[in-house]
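Please work through the exercises below with the sequence and the 3D view side by side, trying each task before reading its solution.

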Amino acid sequence: MLEKEYRGLGLGNQLMKAWMDFYKQKGYSSAYLYTTSGLDPAVHLYEKFGFSKESEKFSENFGVHLKEMLFRLS
């Protein structure tokens, strides 16, 4: 998550591109990440880089009722 003044500058894209370059350079065959409901820009970014939602569940792990989503890249 970024402070408001840093949003929309393409930093998420740059970070994901750097991570994907590292992922490919190391020859990894899969990866996964979790995110939560309400983070729609993050979901869009993950899908843009090839992650697919594998599962979701409701939880209160962060002190509020929300949906946790598992995304996988393979």
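Predicted model: local features only at pLDDT ≥ 70, side-chain atom pairs only at ≥ 80, totals over all residues.

Residues are numbered from 1 along each chain as its sequence is written, and side-chain values use heavy atoms, with hydrogens and water left out.

**Exercise 1.** Work out in which order the elements of the chain run from the N terminus.

Solution. Begin by counting the elements: the chain has two helices and three strands, where helices (H or I, at least four residues) and strands (E, at least two) are DSSP runs numbered from the N terminus. Next, follow the chain from the N terminus, and the order reads α-β-α-β-β. Finally, for the overall dimensions, the C-alpha atoms fill a box of roughly 40 × 35 × 15 Å, taken along the principal axes.

**Exercise 2.** Describe how the axes of helix H1 and helix H2 cross, and find which residues meet.

Solution. Two packed helices are described by the angle between their axes and the distance between the axes. Here the axes of H1 (residues 11-26) and H2 (residues 40-48) come within 11 Å and cross at roughly 35°; such axes are lines fitted to C-alpha atoms over the stretch in contact, with angles running from 0 to 180 degrees between N-to-C directions. Turning to the residues, Gly-12, Asn-13 and Met-16 of H1 meet Leu-45, Tyr-46 and Lys-48 of H2, contact meaning heavy atoms within 4.5 Å. The residues of this contact divide into three nonpolar, two polar and one charged, a grouping in which Ala, Val, Leu, Ile, Met, Phe, Trp, Tyr, Cys and Pro count as nonpolar, Asp, Glu, Lys and Arg as charged, and the others, Gly among them, as polar.

**Exercise 3.** Decide whether Thr-35 is buried or exposed, and say which residues Thr-35 touches.

Solution. First locate Thr-35, which lies in strand S1 (residues 31-36). Then compare its relative accessible area, 6%, with the cut-offs: Thr-35 is buried, since buried means under 20% relative accessible area, exposed over 50%, and partly exposed in between (1.4 Å probe, protein chains only). Leaving out residues up to four places away in sequence, Thr-35 touches Ala-42, Val-43, Tyr-46, Lys-67, Glu-68, Met-69 and Phe-71. To set this residue in context, buried residues make up 26% of the 74 residues in the chain.
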